[in-house]
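Morning, everyone. I have one structure to go through today, and I will take it slowly. Please have a look at it before I start.

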Amino acid sequence: MSHTITILSGDGIGPEVMVEALKVLDAVSEKFSFKVSHSEHLVGGAALDGTNNETPLPQETITACEKADAILFGSVGGPKWENLPPDIQPERGALLPLRKHFGLFANLRPGSCHPSLTHASPVKNELIPDGFDVLCVRELTGGIYFGQPKSITTLPDGDIEAIDTMVYRKSEIERIARVAFTAAMGRDKRLLSVDKANVLQNSVLWRETVIEVSKDFPEVELEHMYVDNAAMQLVKRPASFDTLVTGNLFGDILSDEMAMISGSLGMLPSASLGKVKDDGLYFGMYEPSGGSAPDIAGQGIANPIAQILSVSMMLRYSLGEIAAADAIDAAVQKVIDSGLRTGDIFTGAEGETKANTAEIGAAIIASL
Ligand code: IPM
Ligand code: MG
């Protein structure tokens, strides 16, 4: 079997964690006898630098992604580009257009905390004796991020008005609900739908539609919660959550909360899935949940696990190489169990050994 992927390492720690992720990808492809051809293209600040600040998402990059089975993304952004016009800043000018262009409507963000890492979580450890394992399914191409009109206007009376519009079509809610129910079927078969149906019409339609879709998944236990309450319950009893589904804006906020309580952003991968291709697999973009971490970039100390687990998600959802994905997940687990830790999850506890980016990568490859 042969696959083609496009690599967009981007900025900050992106390139250095990507190096380790690609070594792991090469190792599993050899072990499980498949080929992945990959080529690197410019995105984010790196693309701005390479195009004289013209664009963070060159057409050449989009074309390369269009020809691929999946995109493996690092991270974009940093202080160097923060004062450029908002439309060409790395996040708004590259990440959001990529999601929209490729119709990546389903964002899967696992937020788990392994029992051996609960001490790294800010949640009181007696609340999570066995860690926790939540999957956030966030709608990614609709809602208030993309709804029109969107404007800032000076009114006749001299005051200034800003407008963002929250729009959801039933069809958009239905398709994300199906992804979420399917994900829940592969987990503990419990789905929590998060909305603000006591205030927003969008959420009224959201709730109705999720209930309708639930009829096709009778084994999944469905619950609903308002977003403010969900934010509270997540810190109060994270271990009681299984799969969560919500819209674009609420998902943005709750997934950061989930990442924080899991102890380290450096551990969490994510998948943004689009349409199902002819081979029955998703076209998708895979990236660490954390950002470009400019403060530690270039030092070789970033945790490469989120990027490596993003490779595993890519193998699972876009390339159909399930055995290879399982092997990576198991190897990562083994390395964590061995006590090897980058600075973000190192506490100095007995049995822990501090390691740098390359050492973690090498240990994972050795454990495959
Ligand atoms: C995320 C990020 C993006 C978002 C930003 C960078 C536009 O916060 O992926 O969660 O809001 O979706
Ligand atoms: Mg976010």
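**Around the ligand**

Seven names to find on your screens: E91, L96, R99, R109, R138, Y145 and D252 surround ligand 1. Before going further, please keep in mind that this is a predicted model. What I say about it is calculated from that model.

What kinds of residue make up the shell around ligand 1? It has 5 charged residues, 2 nonpolar ones and no polar ones. Which helix gives the most to that shell? That is helix α4, residues 90–101, with 3 residues.

Now the contacts. Start with Y145, where a polar side-chain atom is 2.5 Å from an oxygen atom of ligand 1. For R109, an N or O atom of the side chain is 2.7 Å from an oxygen atom of the ligand. For R138, the distance from a polar side-chain atom to an oxygen atom of ligand 1 is 2.8 Å. Each of these pairs counts as a polar contact because the cut-off for N and O atoms is 3.5 Å.

How much of ligand 1 does the protein bury? On its own, the ligand exposes 320 Å², and 73% of that is buried by the protein. As for where the ligand sits, the site is the second largest pocket.

While we are at helix α4, look at A94, which is also in that helix. Is A94 buried or exposed? A94 has a relative accessible area of 0%, so it is buried. For a sense of distance, take A94 and K236: they are 142 residues apart along the chain, and their C-alpha atoms are separated by 35 Å.

**Two residues in helix α9**

Next, please turn to helix α9, which covers residues 305–317 and contains Q307. Where does the side chain of Q307 reach? It reaches the backbone oxygen of F73, at 2.9 Å. Q307 has a relative accessible area of 0%, and it is therefore buried.

S310 lies in helix α9 too. Its side chain reaches the backbone oxygen of E287 at 3.3 Å. S310 is buried because its relative accessible area is 0%, and the cut-off for buried is under 20%.

**Some backbone details**

Here is a general point for anyone new to this. Most residues other than glycine have a negative phi, and most peptide bonds are trans.

One is the peptide bond from Q148 to P149, which is cis, with omega near 0°. P149 is found in the loop between β5 (132–139) and β6 (151–154).

Another is N53, a residue other than glycine whose phi is positive, near 60°. Where is N53? Look in the loop between α2 (44–50) and α3 (59–66). The relative accessible area of N53 is 36%, so this residue counts as partly exposed.

Then there is K189, which is not glycine either and has a positive phi, near 60°. K189 sits in the loop between α5 (170–185) and β8 (190–195). With a relative accessible area of 30%, K189 is partly exposed.

**Sequence distance and space**

To finish, two pairs of residues. For each pair, compare the separation along the chain with the separation in space.

Take L25, which is in helix α1, residues 14–31. How far apart are L25 and I328 in sequence, and how far in space? They are 303 residues apart in sequence and 8.9 Å apart in space, C-alpha to C-alpha. L25 counts as buried because its relative accessibility is 0%.

The other pair is H119 and I345. H119 is in the loop between β4 (106–113) and β5. Along the chain, H119 and I345 are 226 residues apart, while their C-alpha atoms are separated by 9.0 Å. Is H119 buried or partly exposed? Its relative accessibility is 34%, so H119 counts as partly exposed.

Then move to helix α9 and find Q307 and S310. That is all I have.

Methods. Residues numbered from 1 in each chain as written. Chains lettered and ligands numbered in written order. Predicted model: local features only at pLDDT ≥ 70, side-chain atom pairs only at ≥ 80, totals over all residues. Heavy atoms only, no water. Near = heavy atom within 4 Å. Polar contact = N/O pair within 3.5 Å; in protein donor to acceptor, adjacent residues only side chain to side chain. Areas by Shrake-Rupley, 256 points an atom, 1.4 Å probe, with all protein chains shown as cover. 1 Å grid on protein atoms, 1.4 Å probe; cavity = no way out; pocket = protein on both sides within 12 Å on 5 of 7 lines; lining within 4 Å. Sits in = over half its atoms within 2 Å of the grid points. Helix = DSSP H or I, 4+ residues; strand = E, 2+ residues; numbered from the N terminus. Nonpolar A, V, L, I, M, F, W, Y, C, P; charged D, E, K, R; others polar. Buried < 20%, exposed > 50% of the residue type's maximum accessible area, 1.4 Å probe, protein only.
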